[in-house]
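Student: Can we go through this one step by step? I have not looked at it before.
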Amino acid sequence: MTARVRTMSLDQQITSEPALARLVAEAEIGAAPPDDDVPLYAPRRKIYPQSVRGTFRNVKWAVLVVTLAIYYLLPFVRWDRGPNAPSQAVLIDFPNRRFYFFSIEIWPQEVYYLTGLLILAAIVLFLMNAVAGRVWCGYLCPQTVWTDLFFAIERLVEGDRREHMQRDSRNWTVETYVRKGIKHSLWLFVAWWTGGAWVLYFADAPTLVKELATGTAPFIAYAWIGILTVTTYFLAGHMREQVCLYMCPWPRIQAALTDEFALNVTYRYDRGEPRCSAKKAEQLRAHGQPAGDCVDCLQCVHVCPTGVDIRGGANLGCIQCGLCIDACDAIMNKLGRATGLIAYDTDLNIKERLEGKQPFYKPVRLRTVLYAAIIAVVGGVMLYTLATRDSEGMSVIHDRNPMYVRLSDGSLRNGYTIRIVNKQLKYRDFIISVDGLPSTLIDFVGLPPRADGRQLVTVGPDQTKEVRLVVTDYSTTPPAASTSILFKLIDIDSGQTAEVRDHFFGPGQ
Ligand code: SF4
Ligand code: SF4
């Protein structure tokens, strides 16, 4: 047992229940000598995950295909927004400071939608975790998806687990070098493609592809492709499970968020123990002795992408991908035994079964209801504000110096800088009125009145416009030191309005 524990990583040591129990027992009874001979750092064991077939593997393939197809192809999806807007469905347009997502267009001042989206993403993650553990890690996390793809390439070129291990343990031949060269070239190609797809979200994809191919794209595009090529190659090709074990904070957060009712990939030791070969199990059972269903074939360990032996109990290294379930089910099928020796289950249910009670599942409980309610509220508020948001807006900044000017006829004048926002994809004419003063005249600086005498501000499609405005108060009664006034922006065609409150300053009584 000691030797086995010493080969485990630190996380595995502290999260594997048997290992934890041993450490606690040793500490309590002083049975073990001081651990001077136990290295503090566990060297990395290279993992050669074996291919496996089954339900969870199929689900993972499907998720991999769908998520990668979305990632690589989405920049090429077109979305007609009219003649004055980009036609890319998903576009982060930094030069014009816009984010386009199909029919939704987010302006910089609406960045709170991003905050709402991040809150939603976090709560959805919490909900997944409360229902079925690390579903995100096992199926949807980009590190998992790309590592899975890199594993598939590795098996294709270097063979499955046994063949790959044998070739690595022998003296390397020309064939070994050639295979490894092909594998790394394919990895680099996928990594480069990944970086290439990333930059397409920041510019018109077909145009940028042409520019990249002809060497006329901006330098920043090549730089980002280079950075993402290198990071994808190292993270998915070389670091693999190390990212999950040591770099990612989510396993630690997840461990703090989970409860005893969350389903996790669980070895049902109530059914599996004591482990013994199929033949020995038959003999033991024939003599009325207990024998578990686990035949200690280690298939569940060999298929694990993080090298975990789930039979040791809950483990931070387990990303809950379910591949060990497929591996064990295949063995059980071969032996003619019931599947499900490893399954999505809870330790609580194992204890229930050991006590002769019925297992139970509680997907609906206080925390899942709470998470679902928060998702519904945040999502609902976001949808409502998106559906009802104004297509015009205005900001007003009062001049700081001077705060007011007294004209030769005794009237008072205040200056303002107005920024008008037009979120529609067409030209719009606006007028501005001011309420709150008894006798006022407003004048846009440098804007000649039209034939009808009105001063209209024309704002281009999907644009903002800044104008200078002076407000003059002709009333004979001098205004107070500060008077609240209301600016009204009116679209003269549609009548849509936006209102902003500010102040008119004077010398006071
Ligand atoms: S695959 Fe199943 S039978 Fe084989 S060692 Fe793992 S739990 Fe035991
Ligand atoms: S122990 Fe099983 S579920 Fe966990 S990472 Fe390994 S194969 Fe996936």
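**Loops, strands and a helix**

Tutor: P274 sits in the loop between α14 (269–272) and α15 (278–286). Helices (H or I, at least four residues) and strands (E, at least two) are DSSP runs, numbered from the N terminus. This is a predicted model, in which local features need pLDDT of at least 70 and side-chain atom pairs count only at pLDDT 80 or more, while totals for chains, interfaces and linings use all residues. Residues are numbered from 1 along each chain as its sequence is written, chains are lettered from A and ligands numbered from 1 in the order in which they are written, and side-chain values use heavy atoms, with hydrogens and water left out.

Student: What kind of peptide bond joins E273 and P274?

Tutor: A cis one, with omega about -5 degrees. The bond from N401 to P402 is cis too, with omega near 0 degrees. P402 is in the loop between β6 (392–398) and β7 (405–406). Most peptide bonds are trans.

Student: Ok, strands now. In which sense do β1 and β2 pair?

Tutor: Strand β1 (residues 90–93) and β2 pair in the antiparallel sense over 4 bridges. Two strands count as paired if DSSP finds at least two bridges between them. V90 has F101 of β2 as its bridge partner.

Student: And what about β2 and β3?

Tutor: β2 and strand β3 (residues 104–106) are antiparallel, with 3 bridges. The bridge partner of Y100 in β3 is E105.

Student: What is the phi of R97 in the turn?

Tutor: R97 has a positive phi of about 50 degrees although it is not a glycine. The hairpin of β1 and β2 has 4 residues between the strands. R97 is exposed, at a relative accessible area of 61%. In the hairpin of β2 and β3, with 2 residues between the strands, F102 takes a positive phi near 50 degrees. F102 is partly exposed, at 24% relative accessibility.

Student: New topic. How many residues does helix α4 have?

Tutor: Helix α4 (residues 55–73) has 19 residues and reaches 27 Å from its first C-alpha to its last, close to the 27 Å expected at 1.5 Å a residue. The expected span is 1.5 Å times one less than the number of residues.

Student: Which residues of α4 are buried?

Tutor: R57, K60, V63, L64, L68, Y71 and Y72. They cover an arc of only 140 degrees around the axis, so they are on the same side of α4; the arc is that of the directions from the helix axis to the C-beta atoms. T55, V65 and L73 are exposed on the other side.

Student: What do the buried ones pack against?

Tutor: α6 (135–140), α7 (142–158), α9 (174–199) and α17. Contact means heavy atoms within 4.5 Å.

Student: Last one: which residues are closest to ligand 1?

Tutor: C294, C297, L298, C300 and C328, out of 13 that surround ligand 1. A residue is near a molecule or strand if one of its heavy atoms lies within 4 Å of it. α16 (299–302) and α17 (323–335) are the elements that give two or more residues to this shell.

Notes
Buried means under 20% relative accessible area, exposed over 50%, partly exposed in between (1.4 Å probe, protein chains only).
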